[in-house]
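Hi everyone, thanks for coming. Let's take a few minutes to walk through the contacts between chains in this one.

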Amino acid sequence: MKILYLFNYWIVIVIMLAGLYAVIASSNLVKKIAGLSIFQASVFILYISSGKILGGTAPIVDSSVPADVVFSNPLPHVLILTAIVVGVATTAVGAALIIRIHRAYGSIEENEILEYEE
Amino acid sequence: MGLQESLLLVLLTPWVGGVLLVLAGRWPNLRDAISVVTSLLLLLAVIALYNHAGNGTATPPELTLFTMLPGIEVGFRLEPLGMLFVVIAAVLWIINTIYSIGYMRGNNEKHQTRFYLCFAIAIGATMGLALSANLLTLFIFYEVLTLSTYPLVTHKGSMKAARAGRTYLGYLLGTSIAFFLLAIIWTWALTGTLEFTPRGIFKQDTDAASLSLLFVLYIFGIGKAAIMPIHRWLPAAMVAPTPVSALLHAVAVVKAGVFTITKVVLYIFGPALTREIPASEWIVYLAGTTIVVASWIALRQTNLKRRLAYSTISQLSYVIMAAALGTAYALLAAALHIAVHAFGKITLFFAAGSIYTATHKTEIPQLKGIGRQMPWTMAAFTIGAVSMVGLPPAAGFLSKWYLLMGAMQLQAYFVLAVIVISTLLNAAYFFPIVHAAFFQPADDDTGKIHEAPWPVVLAVSCAAVLTLLLFLYPWPVLSLAALVSGATP
Amino acid sequence: MSAHLLILLVVIPLFSAPLCILLRRSRLVWLLSSLSTGACLLISILLLQQVYRSGTVTYMLGGWSTPLGIGIEYRLDLFAALVALFVSLVGFAVALYSYTSLQKELPRHKHPLFAAAYLLCLAGLLGITVTADVFNLFVFLEISSLSSYALISMGRDRAALLASFRYLIMGTIGATFLLIGIGLIYSHTGTLNMSALQKVLPALTGKASIQASLAFIMLGLAIKSALFPLHLWLPSAYTHAPSAVSAFLAGTATKVSIYALARFIYSVFGKPFVITQEHIGIALITLSIPAMLLGSMLAIKQQNLKRMLAYSSIAQIGYLFLGLGLSTVASVGATITHLFNHALIKSALFLSLGCIVYRTGKAEISSLSGLARQMPWTMAAFTVAGLGLIGIPLTAGFISKWALIRATLTPDYWPLAVVILITSLLAVVYIWRVIEAAYFQPPAPGSTGRTAEAPLGLLVPTWLLVLLSLYFGIQTTVNFGIAVKAATALVGG
């Protein structure tokens, strides 16, 4: 079952598109940021999926572990930790901006704010 | 003083003078004295250079400043055509400086320090342009000349001046960026050099279509030569004070344009190749058309300065036409006409400015009887007009003579016809002014002589005398022009 | 020592940033940020000299070796050294400028925060130039982007907030695309090191996922570098940011993204794959033409001068992509030259505009009337830098234009030379509008007509860049000679 074999990747695509859709379609700034986070989360899953090796075990090298054991690749996890930090920081900056926007305009709906700007 | 030092001195004097006169800006008398002294020094340096190099036997002096792009240096080299231009510009600058002082004070113009500074920069750029050793150096100074004359053209500072400045800059900068620069880079791509080389730099096997297109790009790119349809900036620039018009029409700007075209024909294409390029024939026709049409428009102008402006456009195309013909006599005529027209036209402009300073008259119908009020000015005007028409004993006769010879040689009947028609038209738009000035009574004749300030009159007279002298003793200029073209006069 | 210099380029601003917050005093903070950016400038000059003399410098962070471990390699070749030089140069000038400029734009207690974000941004940008690891590049890109969102939001106008937010959305989408691309490459090759990737990737170019990763990376970086039509975030961001920030970002941020794009094309995927097989070059050229023409036309229409310069940047980015797309040594050399020159020129323009905003409080073209008489030095700086943008000889802009046109004069691509020339004619129009307003229009009837010249704290850094843009128009060994060398090494003849 090829389709099920690529299950993770199908999920990635669905989440990615859902996130992008939320960013583009919603006028509410908080929803935009939420969409952005979902979009980023899909990439995290993409990375982690590629690190998993079927039948692989946790990559803890120890003298007790036999030599022929297959490990999962730990590097994608390390990378994605960094990317998650970046994502969290982005969300934080975005949220902070929304607070400031709300104070300045009294709204977090993009179309309303644009009316103020006109 | 060696040749090298003279060259350096010629290049540097205007710039140093510019700096000094800015420093002296607070004391107008000192500032004006510096202007005069600088122009005299420049002439001395030019004479030194001429004495060394005028006979064409010495090895030409060279000077390299820096390497701008790999293989292209900003540098200078003396050759006869450049020498010719330098002599004209230096001589006329002195007269123009004296005239400016009288004019600017007489009319109480503002920002005189800026005016003299820009003037000095323009002359410095002209020197650099005339002596440049390659096209890139020439292009740099060409653009410096455009930009430094912009504040002069817009000197009045009004919105009208700004609009005229926009036209001026739009045409000159636009053509130079869009066509001239493209032509230069294309030349560089084809040949790998931009050095001015006798007999040209293009290889034998360059295809004719590229060469034709390049030739057209050069002619239209050098907007300062004001061939139609890129002539509009010249009448627009008439808002400027008269000394600036003289600078534009006689000393530097348009002369730089036709000089550059002649230089490109001589040292980039080479005369032999120019004759072969199909486009050169079309340029001859276009230039001929420009001559006739511009003369016709000049005839219909009632503003004196505008009439002179269109006269310039038609005279410039003589040089373009002669250069595009590419024979020895035609090139001799081209080089000579640069000089001859400069002296004649500066006389005319000075006279127009003198009339404006003394009486504030600008329209031709107002000039009835003015010859009695301003005998010196109008005598000079007459000499200038005779030179423009091309009659002896004024210098204009010389270049027309050689151009006729060149046209006869080629049996180019179109050129002959153009010369005949334009001579008639020239006579038709200049001589009625002279006639009205001397032989018709003025509307407000007081019978008194009412000349412009003495520096103005002095400058006008000098210019007129030089126009006559150039006919009687043409050798200093003629020998250079002969060296340029290889023709025996 | 010299190897450590490489990492110091990132470490100095990175560690100065938190120090700024601890220092608190506005003047001290300014001193620190000036010192550390000055140190960066010095180091990048030293590094450029070293790279020029003895070749690429490399540095292993923490001493891990690459092939097996997760050691991160830092490497500086001529291209990177040149980019690092102009980034730190602009960074230094803007740091000097920011102290006086911020007095009117930001409450005093926020100055340390500004300096911290500024230094972080600089650290990120310099990091991109020195790293040889694609994931590390992503991290540095996000460090610089996140801090630039913060910097833009410090603008006086509340519209700055919205501009910053939109930039954040677009920027993050771009960065995430980049991240996807990197992930796909990694899952196929198991390495993130650029030189290792360059060796293994050519064998994998048939794979759909590698092709997809190329598409993701190109798209992500094109958003970051504001290539038309992905430029929509840029004009508002530059318009509403504080003057110093506009100058800094206009000079460096998009340029460094283009640097990263060039790196991916030539040093990761390789020219045969990207240009010959996937025809990315044609795509870049096709997009660069409307970028140049529309960018310039929109610039002409703007009333706000900051916005005008922003649209002009979009046109200039078109030039840069044109050179990348043609993908010859000459054209990439021209792109590198123009990266350098345009960074100086555009920053100088924004800085002189900042002087005007400092005195008049406005950046509208109508507020310029008669300003040349009141602020002669500022307007002179704007004029000279503007001539550079047009590409008048003896300015750095002329060198760029020369190189670019020379690169397009080939039998196939010569019409592009015409597009370049039209663009520079349009530049004459929008620059001259400003000059006419400042030099010819009488002061507006309502105004006092008494605007003082900008203080020295603003004029000195502005003129520093203006004079440098003239210097590099005459002495072209660095911005042209080295650029061509760098392009030769990159494109590989």
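So, which side chains of chain A and chain C meet in a salt bridge? They are Glu110(A) and Arg166(C), at 3.1 Å, N to O. By salt bridge I mean a side-chain nitrogen of Lys or Arg within 4 Å of a carboxyl oxygen of Asp or Glu.

A word on ground rules: this is a predicted model, where local features need pLDDT of at least 70 and side-chain atom pairs count only at pLDDT 80 or more, while totals for chains, interfaces and linings use all residues. Residues are numbered from 1 along each chain as its sequence is written, chains are lettered from A and ligands numbered from 1 in the order in which they are written, and side-chain values use heavy atoms, with hydrogens and water left out.

Now the overall layout. Of the two pairs of chains in contact (heavy atoms within 4.5 Å), chains A and C share the most contacts. Chain A and chain B have no contact, and their closest C-alpha atoms lie 33 Å apart.

Let's stay with A and C. Here 35 residues of chain A touch 29 residues of chain C. Together the two chains bury about 2900 Å², 80% of it on carbon and sulfur atoms; buried area is the accessible area (1.4 Å probe) that two parts lose on being put together, summed over both. There is one salt bridge across this interface, the pair I opened with.

On to B and C. This time 31 residues of chain B meet 25 residues of chain C, and about 2600 Å² is buried, 81% of it on carbon and sulfur atoms. On the chain B side, Met68(B), Ile177(B) and Ile185(B) lose the most area to chain C, together 22% of what that side buries. One salt bridge is counted here too: Arg166(B) with Glu436(C), at 2.7 Å, N to O. Helix 6 of chain B gives the most to the side that touches chain C, with 15 residues; helices (H or I, at least four residues) are DSSP runs, numbered from the N terminus.

One last stop, back on chain A. A nonpolar surface patch of about 750 Å² includes Tyr5(A), Trp10(A) and Leu54(A). Patches join residues with over 30% relative accessible area and no salt bridge, with nonpolar side chains (Val, Leu, Ile, Met, Phe, Trp, Tyr) joined within 5 Å and like charges within 9 Å. Helix 2 of chain A, residues 7–25, gives the most to that patch, with four residues, and Trp10(A) lies in helix 2.

Conventions:
Helices (H or I, at least four residues) and strands (E, at least two) are DSSP runs, numbered from the N terminus. Accessible areas come from the Shrake-Rupley method with a 1.4 Å probe; for residues, only the protein chains shown count as cover.
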